[in-house]
Structure formats: C-alpha cells, structure tokens
Number of protein chains: 2
Amino acid sequence: MPTGIVESPVKIDPRVAFQSPEVWAKVTGKAIYGGDLMLPGMLYGRILRSPHPHARIKKIDIKQASGLAGVRAVLTGSSIVQKPYGIVIDDELPLAEAVVRYIGDEVAAVAAVSYEQAAEAARLIRVEYEELPAVFDPAEALKKGAPQLHAKFPGNIAWERHLERGNCDQAFREADIVVENTFTVPPIHSTYLEPTVCLAVSDPYNGLILHTAVQSPDQVRTIVARVLDLPLSKVRVIGPVMGGGFGGRVYGNLKLYIIASLLAIRTGRPIKMQLTREEEFLVGRPLIGAELKLRMAVRSDGTILAREADIITDNGAYSAQAPWVSKTLSERNDSVYQFKAIKTKVRLVYTNKVPTGQYRAYGNQAANFATESLLDMAAAKLGFDPLEIRLKNCVRAGDVTVHGLQLKSCALADCLKAAAAEIGWHNRKEGRGYGISAAIHSSGSVVFDKNFRGAAALARLELDGRVSIFSGEQDYGQGAHATFTLIAARALGIPAELITIHTRDTLASPFSIGALGMRQTTIGGNAIRLAAEQLREKIVQTAADMVNEPVIFEGGSVKSASGQVIELPAIAFRYYSLTSGLTLVGEGKYVPAESAYDKSGYGNIAVTYSFAAHAAEVEVDKLTGEIIVHRIVAAHDSGRIINHLAALGQVYGGVTQGLGMSCFEGYLFEGGRVANASLADYRIPTSLDVPAIVPLFIEQDDPEGPYGAKGLGEIVQIPVLGAIANAIADTAGVRVTDLPITAEKVFLALSGWECEA
Amino acid sequence: MPTGIVESPVKIDPRVAFQSPEVWAKVTGKAIYGGDLMLPGMLYGRILRSPHPHARIKKIDIKQASGLAGVRAVLTGSSIVQKPYGIVIDDELPLAEAVVRYIGDEVAAVAAVSYEQAAEAARLIRVEYEELPAVFDPAEALKKGAPQLHAKFPGNIAWERHLERGNCDQAFREADIVVENTFTVPPIHSTYLEPTVCLAVSDPYNGLILHTAVQSPDQVRTIVARVLDLPLSKVRVIGPVMGGGFGGRVYGNLKLYIIASLLAIRTGRPIKMQLTREEEFLVGRPLIGAELKLRMAVRSDGTILAREADIITDNGAYSAQAPWVSKTLSERNDSVYQFKAIKTKVRLVYTNKVPTGQYRAYGNQAANFATESLLDMAAAKLGFDPLEIRLKNCVRAGDVTVHGLQLKSCALADCLKAAAAEIGWHNRKEGRGYGISAAIHSSGSVVFDKNFRGAAALARLELDGRVSIFSGEQDYGQGAHATFTLIAARALGIPAELITIHTRDTLASPFSIGALGMRQTTIGGNAIRLAAEQLREKIVQTAADMVNEPVIFEGGSVKSASGQVIELPAIAFRYYSLTSGLTLVGEGKYVPAESAYDKSGYGNIAVTYSFAAHAAEVEVDKLTGEIIVHRIVAAHDSGRIINHLAALGQVYGGVTQGLGMSCFEGYLFEGGRVANASLADYRIPTSLDVPAIVPLFIEQDDPEGPYGAKGLGEIVQIPVLGAIANAIADTAGVRVTDLPITAEKVFLALSGWECEA
C-alpha cells in the first residue's frame with residue numbers, strides 16, 4: 001500500500017523557504033477567484049456547441065432564443081466579424097461558420113440576465129446540420145480519400161517536420177543491436193481545480209477589460225486584441241487568483257475570452273462566462289495524444305548510437321499550441337543521451353476530435369515514456385543494468401547535444417546515482433520492481449517569439465521603505481511570488497517581508513511571454529534580480545547625495561562613511577520630494593544572448609537546461625495486474641534551489657501528475673465523443689494513490705540562472721513515466737507500451753495477449 | 001424670469017474642445033460608481049451616531065446588537081486601537097471615546113450580511129449618555145465659562161491668526177472715509193450628487209484596498225495608513241467614477257474610510273458603507289460658516305487704503321481643513337486690490353455642531369461677498385461708480401500684492417471692463433439692478449505640504465502607438481481627463497484620440513496632492529506636459545537609432561532625413577524588443593520654484609494666480625422682496641484656455657453654485673440640530689432658477705502654466721456672490737449682509753427691520 005508523501009531527506013534551509021502571504025488568503029478562503037467576480041448589470045454568457053463531430057451548418061434559427069425573456073444578445077458566426085486566429089496556425093474562427101469539426105465546436109453564443117436564461121436560450125437555438133463523414137484516427141486521417149477537415153490543409157496534415165542530425169543510416173549499420181517499438185499516449189487534461197472563468201467588460205474609455213486567471217495574460221491580450229481588431233493598449237487583462245494551471249492554461253481559453261468580449265461589446269454590459277467541467281474536457285485543450293514508432297541503435301558495449309522516430313500527433317480539430325508541442329515531444333528528449341544521430345519524422349494530423357494543446361512538460365513526458373522504455377529493452381537485450389547504460393550515455397556539463405544544445409551546467413549523472421542510491425537500486429526488496437529514467441527540459445525557452453527572448457521587471461522603492469516588484473510573470477499556484485520575493489530580497493539585502501510582487505495586471509506590469517517553457521524563475525527571476533540590483537544602486541546613490549559622503553547599503557539600511565544611518569523610507573522620501581511624486585524605480589531588462597539556433601532548430605533554444613532522474617519502486621499483482629507504486633525518488637538538477645518549500649511542492653505535485661499519466665489518466669473516445677468528460681470518469685490519482693515521494697536536489701550553480709537557479713516546474717513530471725513503466729516491466733516481466741498502464745493492460749499482457757515484453 | 005444658460009459669445013476653437021470618451025460611459029449609464037461595487041462575502045457597515053450635541057458616554061451595551069442574526073462585528077471606541085488624527089489638527093478619533101461633541105458624532109459601527117441587519121444592529125446598541133451643556137454660537141463659545149469641547153483647546157479656539165501688513169492704523173488715519181459692516185455666511189454643503197461610498201477590502205497579501213471616489217486618493221491613503229498604523233504601500237486607493245466633488249471631497253469622508261477599514265480588518269470580509277443624504281449633511285464637512293467684521297479705509301479720490309477684519313469661523317466639533325480654509329477666507333481676497341495695509345484677526349472656534357471643511361473656492365467666496373459689498377458701500381458714500389472704483393484699485397500684472405503675491409500675469413482690469421460691457425453697465429435696463437465684483441484665486445497652491453509642491457506624471461508609449469498617461473491628479477467630473485489629454489496630445493503632436501489618462505489607482509500612478517487649490521491644470525498639467533515632452537525626446541532618439549540618421553517627429557509619425565517614415569508602434573516595438581518587455585516612458589517632474597513665503601505667509605503661495613470679474617443683472621420685487629437673477633456675465637483670466645468645452649462647463653456650474661450660495665443655500669440649525677438635512681429642505685438652485693450665464697475668457701499666456709493656462713475650477717464661484725449682492729442692493733436700495741439673500745430678508749430690509757443698506 002502506498003505510504004503517501006514522506007519528508008524529504010533534503011534539509012530545508014529556512015533562508016530559502018518562504019511562503020508568500022497570499023497563501024494565507026487561499027487557505028482562509030479569502031482569495032478572490034474569477035468565479036467570485038460580480039459587476040453591476042452583469043450578464044451571463046453561454047455557448048451552444050456542436051453535437052456532431054463533423055457537419056455542415058445549413059441554417060441557424062435564433063428567433064425563439066432571441067425572444068426569450070432576459071436574453072440580451074445571440075451571436076452566430078454570420079452575425080459577427082470573423083477573423084481566423086490561432087497560436088501557431090490561424091485555423092480557428094470565434095464561432096463556427098459553415099462547418100463544425102468536433103463535438104463541442106462553438107456554434108452560437110448567448111448573453112442573458114441569468115445563467116439559467118442563457119442556458120435555456122442556447123437550447124432554443126435551432127441549428128440545421130448536414131452531417132459529414134468524420135475521421136477520428138490520425139492514421140485513417142492520413143489516408144487518401146479520408147474526410148478533410150480544413151481546405152487549407154489537404155491530407156489533414158496541420159504541420160510536419162522531417163529532421164536528421166548526423167548520419168542515422170550509418171549509425172544503424174554500425175549498431176550491434178536495434179530495438180524498436182511503438183508507444184501510444186492519449187490526450188491528457190491538466191485538470192486544474194478551477195474551471196475557466198472570464199468576466200469581460202467593455203467601455204469606450206477603458207476599452208476591453210478581461211478578468212481571467214491565465215498563465216500568460218500578455219499573450220491573451222495580444223491575441224484577443226488582434227482577433228477583435230482593437231488597439232493593444234485598449235485591451236487589459238486583470239488576473240484574479242488562479243486555481244491551478246499546470247501548463248494547460250498558458251492561453252487560458254482564448255475562444256471563451258473572444259466570445260465573452262464579443263458579447264460585452266455587443267451588449268455594452270459586463271459578461272461573465274464559466275466553463276462546466278464537461279466543457280473543460282471538450283475545449284480545455286488537453287496535451288496532444290501521440291503515437292511514437294521508435295527504433296534505437298546500440299552497440300554491444302552499451303553505447304547508444306542513434307534513434308529513428310516516426311511520430312504522429314493527434315491534433316484534433318484545431319491546432320492551438322499543438323505544432324510547438326509536437327516539436328518538443330519529437331526532439332527534446334533526444335538531448336538526454338549522447339546520440340550520434342537522430343532521424344525524426346513528426347506529423348500533426350487533424351481529426352474530428354477535441355482540439356489539443358499542452359500540459360506541464362510540453363509532451364516531453366510522452367517521449368520520456370517511449371524512449372526510456374525502449375532503452376530498458378535495449379539494456380535487457382544486451383544484459384546491461386538500466387542504471388549503467390544511462391550513466392554510460394547520459395549528457396554531462398560542457399556537452400553539446402545532438403540538437404546543438406550547449407549544456408552550461410548538468411548534474412544528470414549525479415541525479416541518476418542519487419536516485420538509484422535512495423531507491424535501493426543495489427539493495428532491492430523482494431517482490432518489487434525497480435525502474436529508472438532520465439530527463440532534460442529547457443529552462444527558460446527563448447523560442448516563443450523571435451522579438452522577445454527575455455523578460456523585464458520593475459522594482460519600486462515605496463515611501464514606507466518597502467519594495468514593490470512589477471513583473472509580467474505569473475503565480476498560478478506554483479509559488480512564483482515566493483521565489484520572486486526571495487530573489488528580490490537577496491538582491492536588495494532586505495527581509496523578504498518587505499517585498500510585494502505585483503503581476504496580475506497588464507496595465508501595470510511589463511510585457512511577458514508568461515508561465516511556460518520553465519522561464520519564470522530563470523528568465524523572469526533574472527529580470528527581477530536585475531531590477532532589484534538597479535534599485536539598489538539608485539538607493540545607494542540617492543543616499544550618498546543626501547549625506548554627501550560615500551555610503552554602503554547593508555542589512556537593510558544605508559550607512560555612511562561617517563556612521564550616519566539613512567533608512568529606506570527617508571531615501572524614498574528624498575527622491576519623491578525632489579521629483580514631486582516619483583519614487584525610485586529599478587529597471588530589470590534581462591535579454592538573453594542572441595539565440596544561436598539555425599533554421600533547422602539546431603542550437604540553443606533556452607537560457608539553460610534542467611535535468612532529472614527518477615527511480616520507482618512498484619509492486620504488481622501477477623494474478624490481477626494490479627499496480628501499486630510504492631516510492632518515487634525524484635533527483636533533480638535545477639541548479640541552486642531558490643525556495644526549498646516551493647521546490648518540494650513542485651516535486652510532490654509533478655510526480656503525482658506523472659503517476660496519473662502513467663497509470664490513471666487519458667481521454668477515452670467513442671467515435672468523436674469524449675466518453676469520460678467528468679472527474680468521476682477521467683480518474684486522476686487521489687491521496688490514496690500517491691506513493692512515498694522523495695525529492696533530492698543535486699544543487700550546483702548554473703552560470704545563467706538567477707543565483708545559480710534553473711527551472712523545476714515542468715521537468716518534475718517527465719522522468720516519472722519512464723521510471724514507473726520500467727519498474728512495472730521489471731517486476732511483471734511484460735511491457736505495456738500504451739498509456740495509461742492499467743491493471744487491465746498488465747493483466748492482458750501477462751496473459752500473453754496484445755502487448756509484448 | 002431667468003432664461004437659462006445661453007451660448008457663450010466665446011467662439012469655441014475645435015482644437016481646444018475635447019470631450020473625454022469616459023463621458024460616454026456616464027451618459028449611457030455604464031460608468032461604474034462606488035455604489036455599484038460588489039464583492040463576494042461583502043458585508044454592509046452602519047454607524048451609530050450621537051443624538052446629543054454634547055454628552056458623556058457612560059456605558060455602551062453591544063450585547064443585543066452583537067447577538068442579532070447576520071451581525072459579524074460591532075466596534076466601539078474602547079474595542080479598537082484609537083489614534084487621534086486630523087488634517088491640520090489631530091482632534092478626532094475613529095470612534096468617539098468618553099465624549100460626543102455633536103449630533104452625528106460616530107459612536108459605534110456594525111458590520112452585517114445585509115444593510116438592513118446592520119442598520120437594525122446599530123439601533124440595538126444601547127448607549128447611556130450623560131448630557132453636557134452645549135454651545136452652538138461661536139461668540140458664546142469664546143466667552144468665559146462657556147462649555148469646553150476639547151481639553152487641549154481651552155477657550156474653544158481651535159486655531160487663530162493675527163496678521164498685519166503695512167501700517168493699518170496710519171492708513172485709517174489718512175482715510176477720508178471709513179466704511180464698516182458685519183457679514184455672515186452659513187455653512188454650505190458641496191451637495192455632490194453621489195453620496196459617499198466606500199468598499200474596504202483587507203487581506204494579508206494586498207493589504208488594505210479602499211475603493212472610493214475622492215479628489216485626493218493619495219492623501220486619503222496617507223492618513224488612513226497613519227491612523228491604522230499600516231505601511232503606506234499596504235494601503236491602496238482605487239477610484240470608481242465620481243459623482244461630483246466640488247471641493248467638498250478632497251479627503252472624501254475619512255472617518256467612513258477608517259471605520260470601514262477597521263471593520264474589514266476585524267471581519268476579514270469586504271465592507272461596503274454608504275452615507276445617506278441626511279448623513280452627508282451631518283458628516284459631509286460643509287464649507288465653514290463665518291462672521292466677518294470689516295472696516296475699510298478709502299480716500300476721497302477712490303483709493304482704497306486699508307482693511308481691518310475681525311473674523312470668527314465656526315469650526316463645529318472637529319477641525320479637518322477648517323484652519324486652512326479660515327486662513328484663505330481671511331486673506332486671499334485682500335490681493336484683489338492694491339491695499340496699502342491690512343490688519344486681520346481670525347479665530348476658528350469649536351461649537352457643538354457639525355464639523356466643517358471646505359467647498360470650491362476655499363472660503364474665498366465668503367470674503368468676496370463681504371469685501372465687495374463693503375466696497376460698493378464705500379463707492380456709494382463717495383459717489384463713485386462701482387466699476388470705476390474697482391478699475392482704479394485692482395491689481396495688475398507685475399504687481400506684488402499686500403500679502404506678497406507676485407502677479408506674473410493678470411488681466412483683471414480687462415475682465416472688469418469686459419464684464420461691464422457685456423452686462424450693459426452703461427446701458428441699463430429699466431427696473432433692473434446691476435452689480436459687479438472682482439476676484440483672485442491661487443492657481444496651483446504650493447502650501448499644502450512643504451515637501452511636495454509640484455506633481456509628477458508618466459507618459460508611456462504603448463505597443464500600438466497609443467500613449468498612456470499615469471498621473472495622481474483626479475477627474476471628478478470637472479473634465480480634467482479631457483484637459484490632460486489635450487496637453488499630452490499637444491506636447492507629443494499626436495491626435496487626442498491616441499491618449500488615455502489613468503489616474504484612478506494609487507498603485508500605478510505617481511503621488512499627488514490631488515484636486516484642490518486649482519492645481520490640476522497648472523501643476524498636474526505641467527507634469528503631464530513634461531512627461532509627454534520627455535517621451536517625445538525618447539521617441540525621437542529611439543527612431544534615430546533605428547534608422548541611424550537624424551529624424552524629426554511631426555504630425556504623429558517620425559521621418560528620417562532620407563525620407564523614411566517610422567511609425568510609433570514600430571518605435572515602441574523596437575524598445576520593447578531591446579529590453580524584453582519595457583516600453584518607452586517619459587517622466588514628468590514638475591517642481592515649482594522654492595516657495596518664497598515667509599513665516600507670516602508673506603510671499604508667493606501658488607504657481608500663479610487666476611482672476612475674474614462677474615457682473616449681475618437682477619430684478620427685485622419691492623413688495624415681496626422676491627429676487628430674480630437675470631444674467632451673470634463671468635469674465636475670466638485663466639490664462640490661455642486649454643479646453644473650451646470644459647471651461648464653459650466650469651463657468652456654468654460654478655456660477656450656478658455661486659447663485660445658490662448667494663440666494664438659496666445654507667445650513668439651518670435648531671440648537672445643535674441641522675434643521676434642513678435633506679435636499680428638499682436644503683434648497684439648491686434648480687434649472688428654473690438658473691439665469692443666463694455668459695462666460696468670457698480674456699485669454700493671454702501665463703508664463704508658468706502649461707501652454708499658458710491657469711486654473712479656473714474654483715474662481716468661477718467667487719465673484720458671483722459680490723456681483724449678485726451688489727446688484728440686489730443697487731435695485732432694492734437696501735443691503736442684506738447675511739447670506740443667503742432671500743426674499744424674506746430683502747422684504748425685512750425694505751421694511752426697515754434688521755438689515756442696513
């Protein structure tokens with residue numbers, strides 16, 4: 001039986017364990033979430049969705065709906081100005097026009113004075129559909145004659161990539177053994193606790209204000225402004241407290257925001273919209289499902305030579321971030337080991353199912369499951385210890401990987417050793433299976449926008465001597481505010497209690513790409529450090545001018561050469577008085593070095609890279625296939641840890657989500673219908689399922705991250721999958737290659753059906 | 001019969017007539033006022049007030065109130081930490097302790113889940129009082145043995161000032177005639193349309209947030225932080241749209257804010273409080289009432305020599321701004337004419353009546369009524385034309401007045417001539433009375449805070465090429481945003497439509513003293529001009545760097561020497577890209593020259609000074625005393641007018657309020673009780689009472705104001721009073737010296753009773 005989260009053997013340094021005071025607002029129920037927001041004259045919006053996976057809209061009759069008491073607006077695709085949009089590919093419209101492409105597609109929208117009236121009005125809209133042949137399987141969708149989803153994308157290929165590094169064919173010829181297999185991963189929902197809510201307000205003076213909790217308010221603002229043809233500065237996103245994001249809410253729900261905004265502009269009234277849990281499963285853009293056909297070439301001495309991959313990712317009906325996720329899924333994991341050659345083909349395929357998107361780790365966890373499974377199969381074939389083959393091949397500091405990533409810092413080998421030692425790799429318990437797995441993830445991606453690689457922040461000395469930080473980075477539950485607080489406090493040499501982080505309003509904060517690509521601590525943190533450092537200089541200079549002698553700033557106050565003490569409020573007041581109202585502001589402009597990747601994507605795509613090795617101890621009931629995960633040791637190189645408390649939280653949560661993806665979660669489809677669109681049917685691990693989780697931090701300074709830190713938030717989920725899959729195979733003697741690894745699948749494999757060992 | 005507002009003969013230059021788009025939100029009902037605000041878990045607060053003008057609190061029993069369903073907190077003076085506070089004198093406590101000093105004094109406060117429950121709970125609080133002798137007349141309060149209000153202020157004198165400039169006794173000896181009289185002015189309420197509302201929210205992360213519309217959010221923030229002992233940066237004031245202020249809401253209702261905050265901190269819940277109209281009359285701090293005993297020395301050639309004044313101002317129970325108002329009332333008006341000597345005694349006296357405060361013009365209108373009435377009496381005695389005696393004595397550009405004000409620009413003589421010409425001074429209608437009056441008012445007072453004389457503003461170039469202005473100045477209905485927009489647009493050379501003014505959040509805007517002392521346009525406007533000018537320079541510099549050649553910024557876009565056009569969004573984007581998220585910000589720091597006034601107050605107390613002359617045409621029914629004001633010509637030297645539309649609005653509104661104070665308004669007391677605490681009993685002019693108002697702007701550039709502008713918002717009300725009083729005396733043949741001048745008083749005076757001509 002799982003024993004639950006145990007105390008980390010990591011000794012928490014109280015200097016690096018800070019809980020942001022906003023946590024108090026959450027635990028005492030005082031935090032204000034989107035669902036709490038109200039405004040006078042507020043209307044409720046509801047969306048009518050397609051019941052068909054693929055159909056032509058012949059006619060929409062809104063007469064009855066419009067006539068219903070309390071209804072203030074009914075929008076259809078033909079009654080609004082439609083502008084195609086997307087994140088990578090502009091393949092969506094605010095409301096379906098002519099064709100619907102999945103069950104859930106937005107067909108019409110209603111605003112009414114109550115939620116019930118809006119829902120009733122949506123039901124009263126009569127849509128005449130002509131059903132079209134639909135396609136649900138990407139392999140089928142690729143076939144000639146398959147139903148086509150988008151005229152602009154013949155063959156249903158939304159995006160594809162063919163890539164070769166080194167000479168793959170030659171590497172395979174040089175190999176002593178070749179292992180191959182096909183692995184499948186279903187779409188996975190981020191299952192944040194709080195369903196998406198948005199309150200849109202439009203007036204001629206302020207423009208459009210969107211109240212919504214999202215990981216990247218600035219990107220939402222940019223896209224919404226573009227789709228609605230509004231000047232960027234006339235769109236403002238204000239974030240209430242966020243009930244979890246887990247990477248699934250980088251853009252929140254763009255279509256909901258656009259529709260709410262259209263209703264707000266049309267009615268002149270505030271519009272509140274909230275997705276139901278079922279809708280979250282339909283339109284919440286789960287992590288893309290994938291099929292990975294992998295071949296790996298290995299020499300008999302255990303040297304990994306090359307990997308070949310043919311990957312199909314299942315886009316669903318629209319693309320969102322799926323091209324980027326497909327790219328990461330297809331290649332990031334290749335940089336864990338010293339591959340000589342890589343050949344990858346990845347195709348993103350439209351199907352008449354829910355549009356996909358992303359989740360913590362951006363698909364890298366799916367690749368980890370596949371590659372790490374395959375590597376164990378190679379080790380078994382060669383009679384190699386899985387730990388040894390990893391230690392032999394894993395990347396090290398100073399390496400340049402097969403994709404050109406330059407590893408400035410890397411303690412992956414130490415992570416592998418530490419995880420193995422802690423799990424008892426060489427001291428195994430009877431009847432238990434052991435698995436290990438390694439991962440890399442970019443820490444501070446710089447590839448999202450060619451004009452914007454870094455981050456900016458402002459640090460303002462307030463009149464009371466406290467310091468306010470303005471940043472576009474987001475705390476969505478992961479504890480970013482606490483980490484930023486510690487960075488600013490350290491840069492200024494003042495207590496953390498004097499720092500307040502402001503991130504939730506695009507009007508007041510510098511632009512940011514947002515919380516993705518593990519860029520918050522590394523990139524955002526660096527900007528905050530620089531802002532605080534510049535403020536520090538300005539404080540020293542202002543104080544020196546006040547006393548007309550050299551000063552030092554130490555331990556929270558400034559002392560002059562002759563022994564005068566100048567307190568921070570006095571320094572703030574001095575500047576404020578001299579300028580008639582301004583206070584000292586430090587600007588932090590963190591601009592990473594010009595990206596060094598070429599057109600093929602070869603080169604550095606992040607500020608630095610984080611590493612991890614997880615080891616799992618599991619038990620499998622050979623009769624029933626039942627799996628019990630007993631322990632996960634999570635050894636991490638995330639550089640120097642800024643905030644141990646937040647870091648532990650990331651590991652506990654990420655490992656649990658990795659467990660969910662390994663053994664519990666995944667969309668089930670019946671044709672185009674999601675068969676498990678509820679938290680009862682889409683089961684995530686509960687507290688009873690969570691194993692003992694042992695976080696280990698192999699700390700060393702990264703030269704680029706703030707105070708040596710690197711990102712942790714995404715990589716925590718990645719190696720769990722390989723470790724659990726390998727541990728199950730280790731004890732069961734059979735290997736399930738199709739996630740999630742359930743008792744049923746293990747049972748079937750043990751019975752010799754379907755799966756191969 | 002009055003004919004209502006007529007078109008101004010001023011030709012409106014469309015380049016200087018701008019309506020801010022927020023006006024649309026108001027006229028379409030979409031503007032969000034304080035009363036509209038709601039928050040989840042919000043409680044309603046109510047205050048229990050003293051029913052006695054003066055009493056000792058023997059016991060407060062809150063048991064029954066606390067036990068009432070829905071009640072969440074009951075606060076009394078002994079259950080909170082009390083810190084004396086005030087604006088000039090710290091003579092108030094958040095809740096009365098031991099003693100109540102007027103009918104309305106705050107005794108206890110309740111928070112409950114509904115307004116009705118809160119009101120019922122307040123009723124259920126049992127207070128045992130021991131009534132004390134009370135004093136209502138300031139003259140009585142000054143007598144020996146009178147009831148004493150505050151132990152720290154024996155003799156009931158809150159503040160006093162004895163001042164002599166020049167040799168007054170000698171001037172009186174040199175005089176050919178001396179006129180003297182006593183004038184009285186009752187307290188006047190600002191009667192803004194929207195009663196005071198505040199929503200206080202307190203949480204450990206954000207600290208205290210006060211949502212309230214107030215003319216000086218920053219000063220409210222400072223005082224509330226001090227009283228509640230909170231760090232200044234942990235108090236934030238956010239302003240909803242304001243339903244009028246008229247100078248009466250510089251500090252809003254501090255006690256309401258403090259009590260709401262205390263309830264929010266105590267309950268951990270948002271607290272909404274709203275004053276009833278009756279409460280507004282009790283605690284809304286009306287303009288101080290005054291009695292002015294004046295003597296004026298004049299030579300037979302019409303030269304005004306000196307004035308002696310003994311002024312008593314009626315403070316009510318607590319002081320607020322009353323000392324400052326008493327000072328302005330007692331001396332500002334002295335600078336209208338070239339007095340050789342002035343002797344003034346002013347005493348601010350505590351009485352057991354409503355605490356007073358201020359209103360548009362800061363008491364200067366009361367002085368205008370008195371002095372201008374007296375001047376007409378002198379003219380009559382000498383057989384001088386009232387216009388001629390004013391033209392002979394009025395101040396001119398370059399003058400230094402008796403109080404040391406240096407008049408950089410002054411078109412007062414031209415205003416007098418223009419008003420006289422337009423009213424038909426030398427071409428009078430039969431049966432009508434004509435009066436004229438002159439005024440000065442400080443435009444951009446610098447005396448409120450010795451450390452803060454100016455203003456700061458930020459001008460930010462947005463990525464869409466629009467410009468956002470951040471300023472602590474306030475638009476509370478007077479059109480400041482439109483004026484600021486025009487200033488910024490002119491400084492940048494871009495259309496006004498591209499400018500957005502942000503002023504309503506103390507988190508995002510520089511500190512400001514707020515909307516008082518006619519400092520918005522002059523001081524705030526200068527800061528905005530400087531910010532826009534600095535932004536302009538940064539735009540030019542960034543563009544020049546982009547094209548690597550000299551550029552000029554003209555007509556909204558930048559052109560290089562070789563003819564390249566660089567649009568503003570591209571320039572914003574360039575900087576944003578270089579800094580990873582920042583946009584160009586211009587800082588405006590307007591710091592007026594070091595104030596040159598000495599300890600006695602002699603010297604310059606403002607950036608510059610505005611002037612006005614009003615002329616009135618009235619009709620008086622000799623049988624009944626009924627007064628009909630037919631026309632008011634309002635000739636103003638407010639420098640160069642920035643926004644004619646807003647300026648016209650100021651004149652129409654200010655003249656109407658001046659008419660109200662002249663003939664309609666004023667508190668009526670029965671003992672300590674306000675007998676007319678409703679808008680039915682406290683009658684302000686209605687549309688039927690408003691005469692034809694003819695604004696005239698005598699425009700010339702002031703050297704200090706932005707684009708030559710000076711303030712207008714307060715001075716519009718001042719000379720109305722003297723003009724109407726003199727016009728009534730002119731036709732009635734009797735002079736009423738006690739405001740308001742009602743039909744009853746004129747009738748009595750015509751009957752030979754009570755009043756002297």
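**Ground rules.** I am working from a predicted model, where local features need pLDDT of at least 70, side-chain atom pairs count only at pLDDT 80 or more, and totals for chains, interfaces and linings use all residues. Residues are numbered from 1 along each chain as its sequence is written, chains are lettered from A and ligands numbered from 1 in the order in which they are written, and side-chain values use heavy atoms, without hydrogens or water.

**Strand E9 of chain B.** Strands here are DSSP runs (E, at least two residues), helices are H or I runs of at least four, and both are numbered from the N terminus. Is E9(B), residues 197-203, enclosed or open? I found 7 of its 7 residues buried, so E9(B) is largely enclosed by the rest of the structure; buried means under 20% relative accessible area with a 1.4 Å probe, protein chains only. Val197(B), Leu199(B), Val201(B) and Asp203(B) point one way, and Cys198(B), Ala200(B) and Ser202(B) the other. In a regular strand the side chains alternate between the two faces of the sheet.

Next I checked its partners, where pairing takes at least two DSSP bridges. E9(B) runs antiparallel to E12(B), residues 271-274, over 4 bridges, with Val197(B) opposite Gln274(B). With E10(B), residues 207-211, the antiparallel pairing has 5 bridges, Asp203(B) being the bridge partner of Gly207(B). A hairpin of 3 residues joins E9(B) to E10(B).

**Cores.** I then looked for nonpolar cores (buried Ala, Val, Leu, Ile, Met, Phe, Trp, Tyr and Cys residues joined through side-chain atoms within 4.5 Å). The largest has 223 residues, and Ile728(A) and Ile539(B) have the most contacts inside it. Helix H14 of chain B, residues 520-547, gives the most to this core, with 10 residues. A second, separate core of 222 residues includes Tyr576(A) and Met296(B).

Which residues does Ile728(A) touch, leaving aside neighbours within four places in sequence? Among them are Val618(A), Val620(A), Cys663(A) and Ile741(A), contact meaning heavy atoms within 4.5 Å.

Terms used. Buried means under 20% relative accessible area, exposed over 50%, partly exposed in between (1.4 Å probe, protein chains only).
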